[in-house]
Amino acid sequence: MPRSFVREARRRVGPKRARIGPIVERLAAEHQDATIALRFRSPLELLVSVMLSAQTTDVNVNRVTERLFEKYRSPEDYLAVPAEELERDVFATGFYRQKTKSIRGTMKLLLEEFDGEV
């Protein structure tokens, strides 16, 4: 039977940051074969994929991002089109209006605060 670390994680033994490292290490050791199902080629694509993955399947996100990542290659590309066009491009993932707002806001922040780098 797999060992549960829930009780240990909830124990107040110090700051959360100090407890996170050992927990992540144990999870990585227990689940060495774990992989991410989202398809991406860059940190920006991963960020967008994760944002689109809320309330939908990874299969659906991969289907949508296949076309999306051909059209949008940089943060500037996401801001260069009208919001309605981006909404149509992400419509199939659901909650498309909110996701569009979040993506555009994140791209603006990336450009203003991080020179467009994730």
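User: At what angle do the axes of H4 and H6 cross?

Analyst: In this predicted model, helices are DSSP runs (H or I) of at least four residues, numbered from the N terminus. Axes are lines fitted to C-alpha atoms over the stretch in contact, with angles from 0 to 180 degrees between N-to-C directions. The axes of H4 and H6 come within 9 Å, and they cross at roughly 145°.

User: Which residues of H4 and H6 make the contact?

Analyst: Contact means heavy atoms within 4.5 Å. By class, the H4–H6 residues are four nonpolar, no polar and three charged. Ala, Val, Leu, Ile, Met, Phe, Trp, Tyr, Cys and Pro count as nonpolar, Asp, Glu, Lys and Arg as charged, and the others, Gly among them, as polar. H4 gives Val64, Leu68 and Lys71, and H6 gives Glu85, Leu86, Asp89 and Val90.

User: Is H6 oblique or roughly antiparallel to H7?

Analyst: H6 and H7 pack at about 120°, with axes 9 Å apart. Angles under 35 degrees count as roughly parallel, over 145 as roughly antiparallel, 65 to 115 as roughly perpendicular and the rest as oblique. The angle of H6 with H7 therefore makes H6 oblique.

User: How is H3 placed against H7, roughly antiparallel or oblique?

Analyst: H3 covers residues 43-52 and H7 covers residues 96-114. Their axes lie 10 Å apart, at an angle of about 150°. So H3 is, relative to H7, roughly antiparallel.

User: Which residues have the most contacts inside the largest nonpolar core?

Analyst: A nonpolar core is a set of buried Ala, Val, Leu, Ile, Met, Phe, Trp, Tyr and Cys residues joined through side-chain atoms within 4.5 Å. The largest has 15 residues. H3, H4, H6 and H7 each give two or more residues to this core. Those with the most contacts inside it are Val48, Leu52, Leu68, Tyr78, Leu86, Ile103 and Met107.

User: Is serine 49 buried or exposed?

Analyst: Serine 49 sits in helix H3. It touches Leu38, Arg39, Val61, Thr65 and Phe69, leaving out residues up to four places away in sequence. Buried means under 20% relative accessible area, exposed over 50%, partly exposed in between (1.4 Å probe, protein chains only). With a relative accessible area of 0%, serine 49 is therefore buried.

User: Where does the numbering start?

Analyst: Local features here need pLDDT of at least 70, side-chain atom pairs count only at pLDDT 80 or more, totals for chains, interfaces and linings use all residues, and side-chain values use heavy atoms, without hydrogens and water. Along each chain, as its sequence is written, residues are numbered from 1.
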